[in-house]
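Here's a quick briefing to read with the structure at hand. Have a look at the model, then go through the points below.

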Amino acid sequence: MGLCSLSFLYLFLPLSLLVYWACPLGLRPKALLFLSFVFYYGTEGWMGLGLMVFVLLSDWMLAGRLLGSRNAKLRQAFVACAVVKNIGIFLGYHIFAPSHIPLGLGVYCLTSLGYVLDCYHGFAIWGKDPSRVLLMSAFFPKLPAGPIVYYGRMVPQFFSLRVTLNNIGEGGSLFLLGLFKKVILGDSMAVLFQSLHEIPKYEVSLLGIWSMLVSLSFALYFTLWGFCQMAEGLALMFGFRIAENFNDPFLSQSINEFFGRFNATVNRFIRRHVYMPLGGAKGGSPSMVCNILILSVCMASWFGLRPNILLWGIFLSLFVMIEGYLLPRGWKNIASFFQWLYCAFVIQFSMVFWAGDNLSESFSYLRILFRGASGMDDRSIYLLVSNYLVLILCCLFALGLPRKAALLVKRIFPGPAAIGEILLNFLLLTSVTAYLL
Amino acid sequence: MYKKLTGMLFLVMVAVIPLWLFFTGGFWEILFPEQKKLEEAFAEHFPANAFWDRLRTGLNYIGGSKEQNGVFIAEDMLMLNVQTAGQDVIDSNATQVIELSLRFERPVYLMLIPTASGIQQSKVPYNNFAPLYDQRALIDRIYRRMAGNLTVIDVYPALFNHQSEYIYYRTDNAPTGMGGYYIYTTAAKKLGLPQVRGIDQFDVEHIDFNYYGDLYDLAPYNAVPADRVSLYHFARGRRGYIMTHHDNRDSIRRYYTLYPEYRQQLGDSMDVVLGGVSPIIDIQVENSQYNRQLLIFGDHTVQSYLPFLLVHYSRVTFVETAQVAPELLTKLNPWDYSQILFAYSVDRFVSGEQLAALSRFAAPTAVQKG
């Protein structure tokens with residue numbers, strides 16, 4: 001059972017809402033934690049659930065010991081213990097069992113680690129009842145793709161978890177929109193990418209390669225964004241808000257800005273707990289370059305430890321450095337359209353590292369791009385026209401136009417806009433159901 | 001107020017399916033499925049499955065995707081997108097046809113029947129770019145390879161010249177009776193049959209105007225109209241038929257007609273034509289003025305042309321080579337027949353080994369030769 005499944009949509013979700021609604025206010029965090037464990041058991045079985053409970057409970061205990069101790073070295077030792085444990089488990093799975101990584105391993109390991117670090121820095125407190133802290137990390141909708149949440153923003157909300165029709169309406173709309181982005185846009189783009197990827201290298205044209213890169217970036221974006229929006233919607237239905245993880249990254253005008261908009265909460269976590277403690281942009285050029293490289297590699301390793309993906313991070317970090325330190329200050333004065341064009345080009349081009357199954361395949365795509373190939377081929381044109389509507393929708397959503405249009409309509413015609421939202425929900429649910437079946 | 005309404009309707013929308021399942025009894029089977037995963041059990045019990053399939057196909061079509069599950073969705077018909085399993089498979093099939101033709105020491109013929117996407121290419125969506133398998137080139141290549149070993153029957157031109165007629169089912173990957181007639185007219189000349197019969201010598205009986213074939217299951221697109229299943233009865237001279245179907249469990253079904261119409265009640269109208277397709281179908285023609293016997297190694301396309309060919313034979317035996325068990329072939333003696341025909345749809349010939357089951361036919365002994 002995953003978030004994008006019929007059993008979740010028509011069985012787990014309504015039953016969860018019913019159980020949750022029936023619970024007294026004080027018991028709701030525990031009820032939601034229980035539902036999260038049931039969901040996780042349904043997805044990963046006892047082993048996966050056991051690992052998650054171990055990670056979260058051990059971090060909660062470490063945080064307790066840490067806050068109870070006045071010895072600075074001991075406190076540091078507790079933090080080091082949590083870092084080694086959580087990062088070790090995360091890296092261990094990625095290195096030794098990359099095909100058996102439990103759902104949401106990175107999300108709950110980092111969230112839980114973030115709690116220990118927040119306790120160390122004095123941003124979080126410890127309580128005897130671990131349910132709220134555990135719920136912050138284990139809340140099931142955010143496990144597939146985040147966001148990474150913080151104690152200070154999340155746990156206070158768990159003291160007044162109210163289920164209201166307003167929240168269910170707003171959350172339901174968000175959830176269905178996220179489901180649509182994942183199931184229809186993201187998955188269709190993934191299939192298109194796969195079809196383009198299967199074109200033999202000796203037949204592929206420039207159109208084919210660029211289409212492959214664009215479809216891959218859309219697949220990645222809409223899958224992650226879809227999951228995050230579903231998590232936002234579900235959180236709202238259960239009575240609290242979680243942070244947005246994507247903020248129109250394809251509207252960025254620089255790679256540095258892109259990092260801040262794409263998977264924003266992970267970026268924030270790494271900046272807060274890795275980049276800043278290392279000195280950030282302070283210090284000499286070598287330290288600065290090194291810090292940016294570390295930041296980028298950490299950002300990339302969130303998606304896996306494949307050499308291709310790490311190289312993707314390094315490639316983008318080069319542009320962050322160029323933008324920050326090599327380009328003349330006046331480059332920000334050029335028309336924002338050209339800045340956007342530059343950023344969009346670099347982002348799409350960087351997908352060449354994702355596209356290859358291994359480094360040599362990525363380099364072979366690079367060779368074709370630089371040495372040249374035929375302009376277009378029938379197979380690529382056929383695949384593009386066969387997906388024209390989804391491609392148009394992806395472009396519109398990537399540019400944030402539907403949201404802007406919806407806001408405008410809501411402001412000018414609030415009544416019809418609300419009825420339109422109800423109709424849209426119905427259409428989204430119907431079409432997504434057809435694709436899930 | 002509107003937000004509340006949105007919330008209420010959202011709850012109704014996600015609750016209506018579980019409630020429906022609860023009241024129809026499927027709820028508990030989903031929660032406690034037997035030997036099935038939750039998702040499979042849910043999909044199985046989901047209401048109006050066919051409606052959702054049609055909706056998905058329709059949405060894909062609107063979105064530009066006019067190919068689904070390997071089926072092209074043309075404006076008024078569905079066509080199989082022929083996919084080859086590789087040159088090795090094609091070579092192997094061709095080699096086996098040649099080897100068998102040398103063993104049989106009888107006049108042997110090969111007929112490759114193009115599919116709708118090979119003949120009606122103009123109907124294929126985005127036909128300028130669509131990845132169409134070049135069936136004409138394949139047929140030419142295979143036929144050139146057969147030169148000197150056996151006689152080839154090229155039905156492509158006959159079908160191509162009548163492409164505007166109803167020669168292929170709109171929802172099934174097979175020629176219609178009309179298509180079968182054009183195949184017959186070409187084949188009859190090559191098989192040396194005297195007096196090719198005109199279509200006017202056959203009475204046509206339409207048994208179903210609402211037939212949906214296998215392609216419709218793969219791509220249930222609403223705008224494609226249903227098919228018509230027609231039976232062709234030879235109107236000149238009374239003929240009796242004894243049609244025996246052998247299946248791999250060694251059980252037989254016997255009919256005294258080419259069209260056991262009661263089989264329509266069992267579900268599929270195409271099962272009326274020659275009683276459906278079995279591993280072996282043996283048809284004895286009573287009162288035939290000819291003394292020829294034909295052995296056909298082929299596939300389901302036999303249902304289209306065999307009713308016409310039967311006019312010229314006293315006995316025809318059809319072997320579905322992809323289905324037949326080698327043990328069943330022990331009952332068959334190819335040397336009892338005056339002509340042997342290999343007849344395959346192009347998609348079957350290029351997509352898998354067709355003749356592996358026939359490898360048991362050893363070189364003929366003196367007894368077999370009769």
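How much area is buried between chain A and chain B? It comes to about 3600 Å², and carbon and sulfur atoms give 77% of that. Buried area here is the accessible area (1.4 Å probe) that two parts lose on being put together, summed over both. Keep in mind that this is a predicted model, where local features need pLDDT of at least 70, side-chain atom pairs count only at pLDDT 80 or more, and totals for chains, interfaces and linings use all residues. Residues are numbered from 1 along each chain as its sequence is written.

**Where the chains meet**
- On the chain A side, Tyr10(A), Tyr382(A) and Leu437(A) lose the most area to chain B, together 19% of what that side buries.
- Contact (heavy atoms within 4.5 Å) links 44 residues of chain A with 40 residues of chain B.

- Domain 1 (6-163) and domain 2 (167-281 + 323-399) of chain A both give residues to the lining of the second largest pocket, so it lies between them; the domain bounds come from an automatic or database domain assignment.

Conventions:
Chains lettered and ligands numbered in written order. Heavy atoms only, no water.
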